[in-house]
Structure formats: C-alpha cells, structure tokens
Amino acid sequence: MEQLTHDKMLAATLRHDTGYDGKFYVGVRTMKIYCLPSCRAKLPLIKNIVFFRDRKEAIAAGFKGCKRCKAEFFPNASPVWLAAVLAFMEKRRTARIGVSKLVELSGVDISTIRRYFKSQFQSTPMAFHRKLRLARARKMIEEGTDYLTVTYECGYESASGFRDAFIKEYGLPPGKYYANRTNRL
Ligand SMILES: [Zn+2]
C-alpha cells in the first residue's frame with residue numbers, strides 16, 4: 001500500500017485528485033471542516049490544512065463534513081448510519097424517540113443527523129418520525145380502530161394531543177376523518 005506522506009497528501013489535495021478520495025481527508029483548521037482531497041471548494045492557506053487518515057479521526061477532532069464534497073457520506077450518496085436510523089424510526093412508531101437514541105444508533109452527532117434530514121427530507125429527524133407515527137395512526141383509523149386506541153398505540157399522551165397533531169398534518173380531526181371514511185363505505 002502506498003505510503004501517504006504529508007507531501008503526497010498535500011500534492012493530491014492541490015490537484016484535487018479523486019484517486020485519493022477516501023484514502024485520507026483534508027481538514028481546514030480555521031473552519032473545522034473536513035473535505036475529500038478532490039473537493040473543489042476554495043483551498044485554505046496551506047498552514048491551515050490538517051490531514052486525517054479517516055473520518056473517525058476528523059470527527060473525533062471536532063470537524064464536520066464539507067457540504068460541497070459531501071465528505072461525510074463518501075463513497076455513498078447516503079451516509080452509512082442512515083439505514084439504522086430509518087429502520088429504528090420505522091419500527092418504533094408507538095412512541096416518541098429520543099435524540100440520544102439516534103446518536104447512539106448512528107455513531108454520529110445529532111447535528112450531522114439534523115443536517116442530513118434537513119437536506120434530504122426537508123425535515124428535522126423528530127418531525128420526520130412524527131409523520132411516520134401519524135401515518136400509522138391514520139392507517140389504523142382507516143381500518144376502523146377507535147381513536148382512543150390509536151392515541152394509545154401511537155404513543156400520544158392524550159387524545160387532545162393526538163387530535164392536534166392529526167389536524168396539523170391532515171387538516172381535519174381524526175373523528176371527522178373517520179366519519180368521512182365511514183360515510184364512503
Ligand atoms: Zn469539501
């Protein structure tokens with residue numbers, strides 16, 4: 001395996017060499033951001049560049065992935081932690097989820113998760129999960145489940161809390177939604 005010296009890494013960075021993407025990461029000390037060597041963002045002063053052997057090192061040093069080259073997601077369009085987070089949200093539609101659980105599952109910090117959800121889903125992780133819960137609630141109502149059961153099963157603390165959330169998402173209260181549904185049958 002090629003020995004990556006500081007000079008080699010610097011040269012690869014200066015020529016935006018895609019062949020080195022993933023082999024090391026380029027940190028910008030002043031902005032606490034890390035990039036792929038091929039990143040086309042304006043290069044910082046050389047004295048402000050720091051190299052990391054892998055992402056873990058960069059993250060441990062408090063650096064965030066660059067939005068331009070999407071260093072934190074390389075080589076996948078979606079980050080490695082996403083599948084675990086989505087699977088958890090999907091499974092856990094019966095209650096609220098905590099930020100700490102998402103951090104624990106993903107191994108990345110909450111701001112990384114938030115940033116990704118915002119850019120991909122135009123939503124916060126919590127709002128995204130709320131939608132999943134409500135979609136389940138709606139389905140239960142469509143199937144004829146009474147709405148106190150739905151309130152309980154979908155993890156709402158009160159019927160009024162559920163009602164408010166439902167109206168906010170679907171524009172009418174669950175009772176009415178159900179009535180409309182029944183009338184159509
Ligand atoms: Zn970059």
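Predicted model: local features only at pLDDT ≥ 70, side-chain atom pairs only at ≥ 80, totals over all residues.
Which glycine just after α6 takes a positive phi?

Figure 1. Helix α6 covers residues 125-142. An α-helix has 3.6 residues a turn, so residues three or four places apart point the same way. Just after α6 comes glycine 144, with a positive phi of about 95 degrees.

**Figure 2. The whole chain, for orientation.** The protein chain holds nine helices and four strands. Read from the N terminus, the order of elements is α-β-β-β-α-β-α-α-α-α-α-α-α. The chain has a radius of gyration of 23 Å, well over the 16 Å that the globule rule gives for 185 residues, so the chain is more spread out than a compact globule. Along the principal axes, the C-alpha atoms fill a box of roughly 75 × 30 × 25 Å. Buried residues account for 25% of the 185 residues. Of the contacts between residues at least 6 apart in sequence, 48% join residues at least 24 apart.

**Figure 3. The open sheet.** In what order do the four strands lie in the sheet? The order is β3-β1-β2-β4, and the pairing is mixed. The edges are formed by β3 (49-52) and β4 (64-65), each of which pairs on one side only. Strands of a sheet pair through backbone hydrogen bonds, either parallel or antiparallel. Strand β1 (residues 25-28) and β3 run antiparallel and are joined by four bridges. Within this pair, glycine 27 has valine 50 of β3 as its bridge partner.

Figure 4. In soluble globular proteins, nonpolar side chains tend to be buried together. The largest nonpolar core here has 18 residues, of which Tyr25, Tyr34, Cys35, Cys66 and Ala71 touch the most other members. At least two residues of this core come from each of α1 (6-14), β1 and β2 (33-35). Leaving out residues up to four places away in sequence, tyrosine 34 touches Tyr25, Val26, Gly27, Phe52, Ala58, Phe63, Gly65, Cys66 and Ala71. Another core, of nine residues, lies apart from the largest one and includes Ala137, Val150, Cys154 and Tyr156.

**Figure 5. Cysteine 69 and its surroundings.** Is cysteine 69 buried or exposed? Cysteine 69 has 22 C-beta neighbours inside 10 Å, and 20 or more are needed to count as buried, so this residue is buried. Cysteine 69 is placed in the loop between β4 and α3. Its C-alpha atom is 6.4 Å from that of cysteine 35, although the two residues are 34 apart in sequence. Beyond residues up to four places away in sequence, cysteine 69 touches Cys35, Leu36, Ser38, Cys39 and Ala41.

Figure 6. Most residues other than glycine have a negative phi, and most peptide bonds are trans. Histidine 16, in the loop between α1 and β1, has a positive phi of about 50 degrees although it is not a glycine. With 17 C-beta neighbours inside 10 Å, histidine 16 counts as partly exposed. Lysine 32, in the loop between β1 and β2, is not a glycine either and has a positive phi of about 55 degrees. Lysine 32 is exposed, because 12 other C-beta atoms lie within 10 Å and the limit for an exposed residue is 12 or fewer. In the loop between β4 and α3 (82-91) lies proline 75. The peptide bond from phenylalanine 74 to proline 75 is cis, with omega near -5 degrees.

**Figure 7. Glycine 107 between two helices.** Glycine 107 belongs to the loop between α4 (99-106) and α5 (110-121). This glycine counts as exposed, with 12 C-beta neighbours inside 10 Å. Arginine 163 is 56 residues from glycine 107 along the chain, and the two C-alpha atoms are separated by 35 Å.

Key: Residues numbered from 1 in each chain as written. Expected span 1.5 Å × (residues − 1). Rg over C-alpha atoms; globule rule 2.2 N^0.38 Å. Contact = placed C-beta atoms within 7 Å. Pairing = 2+ DSSP bridges. Core = buried A, V, L, I, M, F, W, Y, C linked by C-beta atoms within 7 Å.
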